[in-house]
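The sequence and the structure come before the details.

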Amino acid sequence: MADDKKKKGFFQEFKEFISRGNVMDMAVGIIIGGAFTAIVNSLVDDIISPLLGLFGNMNFDQLTAKIGGVTLTYGKFVTAVINFLLIALVLFCIIKTLNKASESAKKLTGHEDKPAAPTTKICPYCKSEIPIDATRCPHCTSQLDK
């Protein structure tokens, strides 16, 4: 019976964990990221590499170097670096666009972040920071104007 309660508690906790919005958002992000990676890989493999191959008449994936009895396929690394840079560039552009759209939406709706009202002031006598509604400075004990 106690084991049964532990299992229900564990599965209940797991269900609550999975049901949280941030976990679901992360899962969606990973799935979309995988699909996006496939698109970028195709862009590099099927479009960019062949175009660059026109200038050097080669495909990056097939670049190799032999050192002793070892063959280094550094072309695949070059392709991976190009993929990474393209993904980073596209993500940067997407995030920049989203931030700009968010700022524009805030301006249009009038929900701009307004600075919070001050909670402290400076004592005119001793220059210490004191609560804004203080009538006497706790540091120098001076009587303050209202």
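## Cysteines and helices

In this predicted model, the cysteine sulfur closest to that of cysteine 140 belongs to cysteine 137, at 3.7 Å, which is too far for a bond. A disulfide would need the two sulfur atoms within 2.5 Å. The search of the whole structure likewise finds zero disulfides.

| Residue | Relative accessible area | Class |
|---|---|---|
| Cysteine 140 | 27% | partly exposed |
| Cysteine 93 | 39% | partly exposed |
| Asparagine 22 | 53% | exposed |

Asparagine 22 counts as exposed because its 53% is over 50%.

Asparagine 22 lies in helix 2, which covers residues 21–56.

Helix 3 runs over residues 74–109 and has 36 residues. At 1.5 Å a residue, helix 3 should span 52 Å, and the distance between its end C-alpha atoms is 52 Å, so the two agree. The buried residues of helix 3 are Gly75, Thr79, Ile82, Asn83, Leu86 and Ile87. Just after helix 3 comes glycine 110, whose phi is positive, at about 75°.

Key. Residues are numbered from 1 along each chain as its sequence is written. This is a predicted model: local features need pLDDT of at least 70, side-chain atom pairs count only at pLDDT 80 or more; totals for chains, interfaces and linings use all residues. Side-chain values use heavy atoms; hydrogens and water are left out. Helices (H or I, at least four residues) and strands (E, at least two) are DSSP runs, numbered from the N terminus. The expected span of a helix is 1.5 Å times one less than its number of residues. Buried means under 20% relative accessible area, exposed over 50%, partly exposed in between (1.4 Å probe, protein chains only).
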